[in-house]
Amino acid sequence: MDRNPSPPPDTADGEKAEVADAIGETVYSKHWLFSTLTRLIQDVAGFLQEFKAADILLGVIAKSRCPRLTEICVGILGNIACFPDTCVALSQNEDLGMVLLLLLGDSDPPTLLETSRMLLTCVSQRDACGLWIDRIRQQSSVCPSLCFIMCSSTNLELLMKVGELVDKLFDLDEELMKSWITVQSSEADDSESHLDVASSLLEAAKQLRSESPGALEVYLHVLELLTTTDEGMQMFATPDGPGKAVWDFLCEVVCEDLCQPDDPPLILQEQKVLLVQALAVLSALYRLQHQWNSAVDSCLPLVGSILRVLRCHSEYRENKPPRDTSGDDEPKYDQLQALLETSAEFLAEILHSLPKEEVAELVKRRYLTQKTCQAAVDSLLPQFKPALVQLASLLTDADPQLADEMRKRLCE
């Protein structure tokens with residue numbers, strides 16, 4: 001076994017160099033301890049696999065009437081599955097695979113949590129995910145079981161893990177996502193037809209809205225994935241489908257949670273991922289409004305929020321520190337750029353269909369001001385110039401001075 005690294009040498013001024021790797025005030029290395037424990041756990045996992053521990057635990061699960069015992073057994077299996085070799089070996093066990101998928105219909109939240117955790121671990125392993133995708137396709141109970149959890153559970157940790165599992169499945173296999181949409185659509189007369197994927201995702205998102213922004217981000221990403229397929233858009237377009245409810249919820253999230261009037265430009269850094277996902281879904285749903293049974297409320301607050309995002313981005317760009325050339329800032333830069341592009345494209349689409357009366361109302365509510373118009377021009381040019389020309393024309397009666405300023409900017 002490797003020994004613990006030697007203490008660091010004294011610095012030139014006689015003081016000990018600061019070592020972030022040290023455990024507390026000791027000289028023991030966190031990295032060494034973690035790597036040693038990992039090797040030990042991996043050895044234990046291999047040992048358990050060698051002595052058919054999976055079959056033993058599977059037998060206990062099959063006969064157990066004690067939820068805590070089932071939870072513990074599934075948890076042990078989940079720990080064994082954390083390593084590639086043992087994960088593949090477990091995944092090849094057909095009986096274990098069938099039992100785990102059936103456990104998604106269990107009523108015990110801790111057991112459901114451990115089951116979801118193990119399934120997520122397995123589908124995240126490159127060499128094992130194919131086995132599980134095929135198995136899940138064949139097991140018709142998986143979709144309604146996951147939908148029921150998302151619709152009914154108040155356990156935040158469970159909702160987070162189930163959301164991650166659904167997100168991973170849909171990301172890995174678009175055909176599986178399509179099949180879950182189309183199967184549920186064809187069972188419209190069934191008693192469980194209301195447990196469709198989108199409505200279930202929506203209920204979970206509502207539960208997580210104020211409690212866990214990180215988990216909400218996962219669910220918004222799944223909703224975004226649904227909008228990338230024809231089957232998903234057809235589901236959202238259904239007159240009595242989930243499209244209108246998802247639209248209303250995301251409008252509230254954007255306008256009330258993510259983009260307040262007094263928010264500083266720095267808010268873009270904190271909310272950029274949620275904002276870009278929410279706006280991407282809203283942009284897709286915007287084209288479907290005429291197909292819903294109930295009319296959509298005025299989207300003026302949403303327009304105001306998008307204008308505020310563009311203004312904050314403009315101010316942030318002017319005042320931000322020099323960009324880090326080491327590459328550490330690349331993901332943040334890409335996310336901000338994605339937010340800017342999504343916001344600009346969505347705003348341009350809305351402006352094309354905005355009547356003169358609503359433009360006047362935007363001015364009245366102070367959504368359209370000199371600063372927001374300038375930010376819109378900076379963000380939408382040159383790709384969306386026709387939308388800006390139309391806005392300037394509609395502004396002529398509501399605010400002639402603002403309309404003239406926009407025209408001057410467009411002619412520069």
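Q: Which residues does Tyr219 touch, leaving out residues up to four places away in sequence?
A: Tyr219 touches Met150, Leu159, Val162, Gly163, Leu201, Ala204, Ala205 and Leu208. Contact here means heavy atoms within 4.5 Å. This is a predicted model, where local features need pLDDT of at least 70, side-chain atom pairs count only at pLDDT 80 or more, and totals for chains, interfaces and linings use all residues. Residues are numbered from 1 along each chain as its sequence is written, and side-chain values use heavy atoms, with hydrogens and water left out.

Q: Why is Tyr219 called buried?
A: Buried means under 20% relative accessible area, exposed over 50%, and partly exposed in between (1.4 Å probe, protein chains only). Tyr219 has 0% relative accessibility, so it counts as buried.

Q: What lies 2.5 Å from a polar atom of the Tyr219 side chain?
A: That is the backbone oxygen of Leu159.

Q: Why is helix 16 described as largely enclosed by the rest of the structure?
A: Of its 20 residues, 14 are buried, so helix 16 is largely enclosed.

Q: Why does Arg366 count as exposed?
A: Its relative accessibility is 61%, so Arg366 falls in the exposed class. Arg366 also has a positive phi of about 65°, although it is not a glycine.

Note on methods: Polar contact = N/O pair within 3.5 Å; in protein donor to acceptor, adjacent residues only side chain to side chain. Helix = DSSP H or I, 4+ residues; strand = E, 2+ residues; numbered from the N terminus.
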